Amino acid sequence: MAMSPRKRARISRGVQYVVLTLMVVVIVLAADWATIKDKFTSPDIALAMFPEVIATALKNTLLYTACGFAFGLALGLVLALMRLSSVGPYRWMATTFIEFFRGVPALVVFLALSVGIPTAFPGYVVPGEVLGTATLALGLVGAAYMAETIRAGIQAVPKGQTEAARSLGMSGSRAMISIVIPQAFRIILPPLTNELILLTKDSSLVYLLGYTSTTVELTSFGRQALNQEKNMTPIVVISLCYLLITVPLSIVVRRMEARAGRAR
Amino acid sequence: MTTSQRQTRTDAAIDVIELHKYFGDNEVLKGIDFHVDNGQVVCVIGPSGSGKSTLLRCVNLLEQPTSGRIFIEGDEITDPDVDVDAIRSRIGMVFQQFNLFPHLTVLRNLTIAQQRVKKRNKEEAVEVARRNLAKVGLSEKESAYPAHLSGGQQQRAAIARALSMDPDMMMFDEPTSALDPELVGDVLGVMKDLASEGMTMMVVTHEMGFAREVGDKLVFMDGGVIVEEGNPREVLGNPQHERTRSFLSKVL
């Protein structure tokens, strides 16, 4: 009774679909739809969150993420170049930084900046209030991850590119800036997008710095509403807001990749 | 034999004195003494692993020689205090794998070093680039990306890129070895034109026909030494050394 591999594959796929369908049916039947409608999708509660959820919370999440990413990207590039340097101490410093900030939870970095620094250096706080601290904390964490990604990207550019640039009389740093780094960033666009999305979610840690009605970001805003209303609707709304950031981002990057692919 | 170093030929385009190069414990160049006169076309042939590409790459310091001195138009490129970038910009280099910049258009490939190294303004750089693209027959491809060109077109664009720096000499590292056979002729044609204009050229190649027809001097290398050099017709027609004869019998 030997079955052909193709027939076996078709049967096993059919079984998978049946199991998935059954799971969905069970979940749908077991759920308490009246309560779900009331506790998760209450239109009144959702509407009450506007316009603040967009005008303040979403805006702040975007702001913290963008500033943190920009700082992290710049610092990550410097760290990547230090890691590739022929000067030993540069390499060691960069490696130490990367290992530390990659290994320590982002939450610890936020606490270190908001509580640790004023304790260790009395009278001193990170400048720029919440935004300044958030940028620094997100940037330090993001830089550690991005540095390794950027380094891998730089190393993935063929050696012949540098040789061609140097043989045209470009200095080492000029060849790096004009020829190698632009190609490296094309290669690492997908993992870099990942870092940006991770950073978007890490920006929820800004709540550790304390927040006011003007500096609140999405997660804190949702949690506040959750506690007030004893209702899950705000969490559904802020989840959709996060997707509103990350899904278009993925689409834009996929387009950019397609365009870079055509030029290659 | 290294005790008495000969005088530099200050009038030569390239002068290589007692060049040694090790990769680890492996001695790839074993005391090369060699020069290229101004306006001369010198072809370097030899079996793979003979060190001919390494010699070419040492001349513009893409490989750091282990010992020995190299002079470009009288300026010592192996002097630790010399501005290597400035000397390199006088030497055009063409690679086996073309090495065009894939993220830039053909025109930008030709202008970027002119602007960044020669500090030409954009209009001048574009004008020079267009003149050189016309020379290699690629005028209509200036806004294409390298990936959209055939191998032969890429190599001609690479030659035009090197020429746009107005080099005093051109070096070719097996320029046709990565090409499909039907595309070799176009590239060799461009190189012949350059030679007839009086360009100083050093060419590592397997194209014996080109060496015989265009070359002023032929150098045969084997095992990291120059075995034989001289007029291409004589070396190819009447090789003096057994190693040359055995190599030529395999490739001709």
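Modeller: A residue is called buried when its relative accessible area is under 20%, exposed when that area is over 50%, and partly exposed in between. The model is a predicted one, and by that cut-off A:Ser204 is buried, because its relative accessible area is 16%. A:Ser204 sits in the loop that runs between helix H10 (189-202) and helix H11 (218-229) of chain A. Leaving aside residues up to four places away in sequence, A:Ser204 touches A:Glu217, A:Thr219 and A:Tyr242, while a polar atom of its side chain lies 2.8 Å from the backbone oxygen of A:Lys201. The C-alpha atom of A:Ser204 is also 7.6 Å from that of A:Thr61, although the two residues are 143 residues apart along the chain.

Turning to the contact between the chains, 25 residues of chain B and 20 residues of chain A take part in it. The area buried between chain B and chain A is about 1900 Å², and carbon and sulfur atoms give 61% of it. On the chain B side, B:Asp85, B:Phe101 and B:His103 supply 29% of the area buried against chain A, more than any other three residues. B:His103 is, together with B:Pro102, touched by A:Gln183, which also touches A:Val157 and A:Gln161 when residues up to four places away in sequence are not counted. A:Gln183 belongs to helix H9 (residues 172-187) of chain A and is buried, since its relative accessibility is 7%.

Two salt bridges are counted between chain B and chain A; B:Asp85 forms a salt bridge with A:Arg166, with the closest N and O atoms 3.2 Å apart. Between chain B and chain A there are also six residue pairs in polar contact, both residues being at pLDDT 80 or more. The side of chain B that touches chain A draws at least two residues from each of helix H2 (84-88), strand S6 (91-94), helix H3 (106-116) and helix H5 (151-163) of chain B, and H3(B) gives the most, with three residues. By class, that side of chain B has 15 nonpolar, five polar and five charged residues.

As for the cysteines, the structure holds zero disulfides over all chains. For A:Cys67, the nearest cysteine sulfur is that of A:Cys241, 19 Å away, and A:Cys67 is partly exposed, with a relative accessible area of 24%. B:Cys58 is likewise in no disulfide, the nearest cysteine sulfur being that of B:Cys43, 19 Å away, and B:Cys58 counts as buried at 0% relative accessibility.

Methods: Residues are numbered from 1 along each chain as its sequence is written. Chains are lettered from A and ligands numbered from 1 in the order in which they are written. This is a predicted model: local features need pLDDT of at least 70, side-chain atom pairs count only at pLDDT 80 or more; totals for chains, interfaces and linings use all residues. Side-chain values use heavy atoms; hydrogens and water are left out. Helices (H or I, at least four residues) and strands (E, at least two) are DSSP runs, numbered from the N terminus. Buried means under 20% relative accessible area, exposed over 50%, partly exposed in between (1.4 Å probe, protein chains only). Contact means heavy atoms within 4.5 Å. A polar contact is a pair of N or O atoms within 3.5 Å; within protein, one must be able to donate a hydrogen and the other to accept it, and residues adjacent in sequence count only if both atoms are side-chain atoms. A disulfide is a pair of cysteine sulfur atoms within 2.5 Å. Buried area is the accessible area (1.4 Å probe) that two parts lose on being put together, summed over both. A salt bridge is a side-chain nitrogen of Lys or Arg within 4 Å of a carboxyl oxygen of Asp or Glu. Ala, Val, Leu, Ile, Met, Phe, Trp, Tyr, Cys and Pro count as nonpolar, Asp, Glu, Lys and Arg as charged, and the others, Gly among them, as polar.
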